[in-house]
Amino acid sequence: MDRRRREGTVLRVLASLILLSTLLFPIGSAASSDTLVIQSRRDPIFDDILRGFQSVRPSSMHIITLADYSETDITRLVREEQPRLILTLGDTALNAVKRIRTVPIISLMSLNLQNMNSSHPNLSGISMLISPERYIPIFSNLRAKRVGILYNPARSGAYIRRASQLAARSGIVLVLREVRSSKDTQHQLTSLSREVDALWMIPDPVVVTQQTAEAFFHFSQRERIPVVAFASIYLSLGSSAVLEVDRFDMGKQAAEMALKFSKGIDPEETPMESPRRAILKINRNVLRRLGIAPEELE
């Protein structure tokens, strides 16, 4: 009789434990993460950013790589996981969260951040536009007096106005060409022939696309003038120099922004920031072919 009583007690305890675990951890529920990371693709650049982010704000992360899936319902994923923060890396990732308005979003490495920022009160981030103050000394060291820039007024107008003022103080004239569509890029480049002694390639998504990027370097070769760009990928295509965002520091900068959100500061009250650190890289071979001593930029 005592044995049966003991067995009955054990079964009731087990049943209670099973019921409790079902209530606490429902079957099929997604594991909640503090930070949901949505990246456009797998990229060492993004890995550097995430390492910088974790160095300042260690947190549990769920990383979704959009290129690994033919279709992903990000809105449903956010509803199920209920993350405290969404971190997007790349333009495709930013576009994937455009319907989400309930979770703070920090966007990095996106050319479209500026356009979306004003219409999404839960969105902030760090642009890819390095302050023009950092570029002007490069052109001074190249002894460039007339620097050509192609830009879209809606995307980069404010940046170009600021750059023009700074350049003028250093005796540099920015020769500007407006591009309304990427189809205009080739024509506007041609219009700069014999008009400039350097090109400044800015991260404007209307001007610089996969189809138009090489046109800048063909123009550079024909005119024998240097191109200063914004990402190291362009060094192999013929850029003389690039001023590139410090990716690890960008991650740290994003983490500091996230800490503000966790203290109750609204993303709408946190303006989009410029990258605070940049790294200059040069293509020695291209510089020498143009008759420029690499030491001028080092």
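User: Which residues do ring pairs link into a cluster in this predicted model?

Analyst: In this predicted model, phenylalanine 139 and tryptophan 200 form a tilted aromatic pair, with 5.4 Å from centre to centre and 45 degrees between the planes. This pair links distant parts of the chain, since phenylalanine 139 lies in helix H6 and tryptophan 200 in strand S8, 61 residues apart. Ring pairs link these two residues with others into a cluster, whose members are Tyr135, Phe139, Tyr159 and Trp200.

User: Is the pair of tyrosine 159 and tryptophan 200 stacked, tilted or edge-to-face?

Analyst: Tryptophan 200 is buried, with a relative accessible area of 1%, and tyrosine 159 also counts as buried at 10% relative accessibility. Their ring centres are 6.3 Å apart and their planes stand at 70 degrees. Planes over 60 degrees apart meet the cut-off, and therefore the pair is edge-to-face.

User: Which residue in S5 is the bridge partner of serine 107?

Analyst: Serine 107 belongs to strand S4, where Ile105 and Ser107 point one way while Ile106 and Leu108 point the other, and all are buried. Strand S4 pairs with strand S5 (residues 123-125) in the parallel sense over 3 bridges. In S5, the bridge partner of serine 107 is glycine 125.

User: What is the handedness of the β-α-β crossover from S3 to S4?

Analyst: Strands S3 (residues 85-89) and S4 run parallel and are joined by 4 bridges, with leucine 89 standing opposite leucine 108 in S4. Between the two strands the chain passes through helix H4 (residues 91-96), and this β-α-β crossover is right-handed.

Terms used: Residues are numbered from 1 along each chain as its sequence is written. This is a predicted model: local features need pLDDT of at least 70, side-chain atom pairs count only at pLDDT 80 or more; totals for chains, interfaces and linings use all residues. Side-chain values use heavy atoms; hydrogens and water are left out. Buried means under 20% relative accessible area, exposed over 50%, partly exposed in between (1.4 Å probe, protein chains only). Two strands pair if DSSP finds at least two bridges between them. A crossover is right-handed if, with the strands pointing away from the viewer, the path from the first strand over the helix to the second runs clockwise. Rings of Phe, Tyr and Trp (its six-membered ring) pair if their centres lie within 6.5 Å; planes under 30 degrees apart count as stacked, over 60 as edge-to-face and the rest as tilted.
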